[in-house]
2 protein chains.
Amino acid sequence: MKSIRILFFLFLTLPAFSQSADESAIKQIFDLALSNGKSYEMLHDLTINIGPRLSGSPGAAAAVEWSRHVMEQHGFDSVWLQPVMVPHWVRGQKEVGSIISKKIGTVSVNVCALGGSIGTGPSGIATGVVEVKSFDELKMLGAKGVQGKIVFFNRPMDPTKIDAFAAYGGAVDQRGGGAAQAVKYGAVAVLVRSMGLNQEEYPHTGGMRYAPDGNKIPALAISTKHADVLSKLLKEEKDLQFYLENHSVMLEDAPSFNVIGEIKGSEFPEEIILVGGHLDSWDLAQGAHDDGAGCVQAIEVLRLFNAMGIKPKHTIRAVMFMNEENGLRGGLKYAELAEKNKEKHIVAIESDRGGFTPRGFTMTAPKAVRDKIKNWRSLLEPYGLTDFDQEGGGADIGPLQRQGVPVMEFLPDSQRYFDYHHTREDTIDKVSKRELELGAASMAALVYLIDKYGLK
Amino acid sequence: MKSIRILFFLFLTLPAFSQSADESAIKQIFDLALSNGKSYEMLHDLTINIGPRLSGSPGAAAAVEWSRHVMEQHGFDSVWLQPVMVPHWVRGQKEVGSIISKKIGTVSVNVCALGGSIGTGPSGIATGVVEVKSFDELKMLGAKGVQGKIVFFNRPMDPTKIDAFAAYGGAVDQRGGGAAQAVKYGAVAVLVRSMGLNQEEYPHTGGMRYAPDGNKIPALAISTKHADVLSKLLKEEKDLQFYLENHSVMLEDAPSFNVIGEIKGSEFPEEIILVGGHLDSWDLAQGAHDDGAGCVQAIEVLRLFNAMGIKPKHTIRAVMFMNEENGLRGGLKYAELAEKNKEKHIVAIESDRGGFTPRGFTMTAPKAVRDKIKNWRSLLEPYGLTDFDQEGGGADIGPLQRQGVPVMEFLPDSQRYFDYHHTREDTIDKVSKRELELGAASMAALVYLIDKYGLK
């Protein structure tokens, strides 16, 4: 009777075994990440002891050595550097921005050069300002309205978008392309409303691009608070003057590196599961959320596997990409070499939306792959991972995606990201240790499932 | 042909009309809260211009007047005060805590009296320390191990609980009941490890209770960082001494008020939908998350209804409860009068888990009510509200729940709450404007649906 009972019990429970084993493994991953995780300690070290690390800067070089050292210390099977030439832009001394009003005198405002901008020269630029909300409006004004002036792009991020990245996406054309558009009509500089949702004192930097065949004019961001001040004053005094001065310069391309560490797969060593973030950050702060968080989370995935004694079937590779912020050279170089060396990536997962509390993963992949991943939802939902329906990967893995690799991005809560993004405020004190650890564990849990079941 | 097409179109779309109208109304609520919300402005005013507001304090009295004024200014149909006598505990001058070691000398540590604690007297207490992790361990030590000593309760919150409130729930017995237990065995004071998940410099206060028939001994919290220091030193030097000094005193009960505002229902004025938070806060900080956030969110629900011109069918009532932190007298008084006056509450919804990004709502209600609310899930999920499966209401509405009223609590993300809870760090700069606004809109959307469809 007893043995029959046991058999019956086995029969009943066997089909559920795998789910239960996975539940247990994922719980162990989270338990370890939350009770003895290293992601916060790593991020503290990177942000406090290295800090800003724009491509080509001494900080970036130090971060490369730091990453190699950390991954070696964690005992990954191999750690190496992948050389890549990167743009080398330097901000120079602090920018100056002033509204010069006939009515109220000179009002100092907070501005910063956008990454890639040329400088004004030491004597600065003083001229009138014309405010526009869109490229269409700029075009309607034409040379007649714009010639010799500073164009002030002042369309705010839309606060009614629930996903803050959607609000960013709806405004960032002004930052990236404003100068290239305004110069067509004879503008001498552009001021762009900072990409933030709050009234803030501090400006947000970020990448901008000149047209390959166009002239170059200085491009600066103005804080949201001061953008509102300027806009208000312009309504009262259309011909007020603005003085701006910045000393940015683009130097020769500089040598740098992607930093790569991996644990070799036991069954399919040639099949790679990539987790990554970008090591470079803007020069105004520590790059804690953007993207120190993503880097340490990627390293933590491999460290958790090692610490738990999980021998992955596939090769798990952590990649610290260089130069996401102003060139994407690291991502391009990585994909170029992957193709050349016939490397097979079964998936590439980036974390580049900050170290906030987990909400899910985005994915751009064939339907069969997406369906397989969505089938794991019940295993991941207990950890707050409920959103698997958005498209997307990360910028650095875009070049891999174009080679047909399925890509995913860790999707944390978006609400606070643009309070800090590309500003002096992106510092370690804005990172919650638990939120960071939950993100690392979320990525490790996903990698665990992909490694165990594959994506075919 | 054309008219047939239109009829066919109407026929197809009519059944979906209600869903679509609700979608649209909820989108309008969120749009308004995010583009022209007042919750953050209100919270800024309350925290900066009033600040701490422990029951019986001048801050609490000012907060009562503030709430009345704000709700009157927003044009609610009626605003009134509900008198209630509250405990009046005063911390007195700053506490002193020192480890006195023969090996390393005196080490100053950060402690604070728990709310309700008696004082040590001006000469303080200096004696040995015995560390325990649980009441069972205390009992095993008995009078022999404890007599004349300070009992140091040092069981940490469990970091592997994904819900930080579960981690809190697993440790807070030490704070609430530690003194009452330790005094049975002759302890002269208790030190309780702060209720926080991080290594922090600052202690967390919070309520504690003596047994009605027991002696009273001083009860203080020690910062998590210093709890670890003390524990480590105790392992090396079992007979080290600890000096503590606090000057707390319980005064006579003081008069105070719940503050209530409402919009009268057009069809069922006698049926009340209650939204609330608690107006009192601990004395160490501004009470931004606990529970200024809940108060302004409740007020914002009614303000949004007014601003959008929504005339509710049921009466919508915002209640600022007094004395949640150390007595619950406001909640008890409110329920007592509701019963006496035969008021009918169809639901009571509290916000008292901080102004963080929305995740869902808890509920304790009959199954039919829960099912009805869960049926609205597809309308709320686009706003990050995905968790409707947890039991619970808020402390202040517990007395209503015991009268049979369905209760709910707004459920924001829990990860950062205990970084600030009951500490000097619970300040307005820890509140994200957008997260706060999303919470207010979430509550307004829920109230909109309950008002429109009822809960029967």
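Predicted model: local features only at pLDDT ≥ 70, side-chain atom pairs only at ≥ 80, totals over all residues.
Tutor: Let's start with a term we need: two strands count as paired if DSSP finds at least two bridges between them.

Student: How many bridges join strand 11 of chain A to strand 12 of chain A, and do they run parallel or antiparallel?

Tutor: In general, the strands of a sheet pair through backbone hydrogen bonds, in either a parallel or an antiparallel way. Here, strand 11 (residues 268–278) and strand 12 (residues 314–321) of chain A run parallel, and eight bridges join them. To find one on screen, look at A:Gly277, whose bridge partner in strand 12 of chain A is A:Met320.

Student: What packs on the sheet there?

Tutor: Helix 3 (residues 58–73) of chain A does, touching strand 1, strand 10 (249–263) and strand 12 of chain A. The direction of helix 3 makes about 5° with that of strand 10 of chain A.

Student: What is the order of the strands in this open sheet of chain A?

Tutor: Read across the seven strands, the order is 1-10-12-11-13-15-14, and the pairing is mixed. At the edges you find strand 1 (78–90) and strand 14 (358–364) of chain A, each pairing on one side only. On average, neighbouring strands of this sheet are turned by 20° against each other, ignoring direction.

Student: In which sense do strand 4 and strand 8 of chain B pair?

Tutor: Strand 4 and strand 8 (residues 219–222) of chain B are antiparallel, with three bridges. In one of these places, B:Val111 has B:Ile222 of strand 8 as its bridge partner.

Student: Now the two chains together. What rotation superposes chain A on chain B?

Tutor: A rotation of 180°, with 0.0 Å of shift along its axis, does that with an RMSD of 0.0 Å. That is the relation of a two-fold axis. The same surface serves both copies, as 100% of the contact residues of chain A recur in chain B. To locate the axis, find A:Thr386: of the residues of chain A, its C-alpha comes closest, at 3.9 Å.

Student: How many residues of chain A are in contact with chain B?

Tutor: 22 residues of chain A are in contact with 22 residues of chain B. On the chain A side, helix 1 (2–36) and helix 14 (433–453) are the elements that give two or more residues. By class, this side has eight nonpolar, seven polar and seven charged residues.

Student: And how is chain A divided into domains?

Tutor: Domain 1 covers 30–87 + 252–453, and domain 2 covers 96–249. Their C-alpha centres lie 33 Å apart. 14 residues of domain 1 of chain A are in contact with 16 residues of domain 2 of chain A. The domain 1 side of this contact has four nonpolar, six polar and four charged residues.

Terms used
Residues numbered from 1 in each chain as written. Chains lettered and ligands numbered in written order. Contact = placed C-beta atoms within 7 Å. Helix = DSSP H or I, 4+ residues; strand = E, 2+ residues; numbered from the N terminus. Nonpolar A, V, L, I, M, F, W, Y, C, P; charged D, E, K, R; others polar. Axes fitted to C-alpha atoms, helices over the stretch in contact; angles between N-to-C directions. Least-squares fit on C-alpha atoms with pLDDT ≥ 70 in both. Domains from an automatic or database assignment.
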